[in-house]
Amino acid sequence: MQTQKAFTDIFCSQEFTGALENQIICLSVINTVLAITAILGNTLILIALHKEISLHRPSKVLIRNLVASDLCVGFAELAMVAQWISILQERWQICHYFFLAHNMISISSTLVSSSALTAISVDRLLALLLGLRYRQVVTLRRVYVVTVAFWVLGAGNTIIFMWKPVVVIMVSSTNITVCLITSTFCYTTIFFKLRKQQTLVHNSPPEQGNQTMSLNISRYRKTVSTSLWLQLALLFCYLPFLLMTQFAHQQFEKKVSSAFYLAMYSTITLLFFNSTLNPILYCWKIKELRRVVLGILRRRQM
């Protein structure tokens, strides 16, 4: 198994990066733009969440953790850009430091992002299944315990990365895969449950109780739609990286090529793009949040 130093030498090496100067410059420009937009966008969303109080508090905690992890990804991108600049300047020791920094931040952040989105999908399923008991089961304290566990696991992975980087990459990809499977199960179950409830409402007499149920289902659909869009965005951005890691272990055991280096960092760039995309989805799908964000921007322009 490769040590951390041997692993770092693969990505901070003249042998693998010497023929990729133009591609590295292009990736640096793209990731600089994505990093700035991710940091500004997620900072704005965090401020808006602090001001907006109409959202259910446990749900807001989960969204805040997702936003915070996306904010950290922005800083990981800046560290990755600094790594590429050091490569272009052939400062290999500095490259090692920035490589280590961006991986430690991104490993923890992506684990929290995927776990938080999975927790949101589970939260939406519990809201549907538990009904009136939902607020008794999904308490603010329990949500805090779950989110702290996400960050502790993320921090644990970054520590292990110092000694067994390949193992951590494979574990992280497995974790993301499990999260995607869990979320898919939750949203599939929600779809069939909502379809069944909608059929019962249409087949029942038009009484006041049924109208209230229809209204609640409509409101619930909006929250599920928001979380589902976030999940689809994560799937779009993370799937190429997951596929790439299936070949990564084999590549690390033999001679790594420049083509592999470029392909790996292209999928990582797409993965990081998710942190820029999410704030746009928040403003598009959550009307209350969009109103607060626009209010903040108007005050900034005055």
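## A buried charged pair

Arg 124 counts as buried because its relative accessibility is 11%, buried meaning under 20% relative accessible area, exposed over 50% and partly exposed in between, with a 1.4 Å probe and protein chains only. Asp 123 is likewise buried, at a relative accessible area of 5%. Arg 124 and Asp 123 form a salt bridge in which the closest N and O atoms are 2.9 Å apart; the term denotes a side-chain nitrogen of Lys or Arg within 4 Å of a carboxyl oxygen of Asp or Glu. The count by this rule is one salt bridge.

## Basis of the model

The model is predicted, and local features need pLDDT of at least 70, side-chain atom pairs count only at pLDDT 80 or more, and totals for chains, interfaces and linings use all residues. Residues are numbered from 1 along each chain as its sequence is written, and side-chain values use heavy atoms, with hydrogens and water left out.

Ser 69 belongs to helix α4 (residues 57–88); helices are DSSP runs of H or I with at least four residues, numbered from the N terminus. With a relative accessibility of 0%, Ser 69 is buried. Its side chain makes a polar contact of 2.7 Å with the side chain of Ser 113. A polar contact is a pair of N or O atoms within 3.5 Å; within protein, one must be able to donate a hydrogen and the other to accept it, and residues adjacent in sequence count only if both atoms are side-chain atoms. Apart from neighbours within four places in sequence, Ser 69 is in contact (heavy atoms within 4.5 Å) with Ser 109, Val 112, Ser 113 and Trp 151.

Thr 43, in helix α3 (residues 21–51), is partly exposed at 32% relative accessible area. A polar atom of its side chain lies 2.6 Å from the backbone oxygen of Ile 39.

## Aromatic pairs

The whole structure contains four aromatic pairs. Rings of Phe, Tyr and Trp (its six-membered ring) pair if their centres lie within 6.5 Å; planes under 30 degrees apart count as stacked, over 60 as edge-to-face and the rest as tilted. The rings of Phe 191 and Phe 192 have centres 5.3 Å apart and planes at 75 degrees, so this pair is edge-to-face.

The pair of Trp 229 and Trp 284 is also edge-to-face, with centres 4.9 Å apart and planes at 70 degrees. This pair links distant parts of the chain, 55 residues apart: Trp 229 is in helix α9 (residues 208–252) and Trp 284 in helix α10 (residues 258–285).

Terms used
Helices (H or I, at least four residues) and strands (E, at least two) are DSSP runs, numbered from the N terminus.
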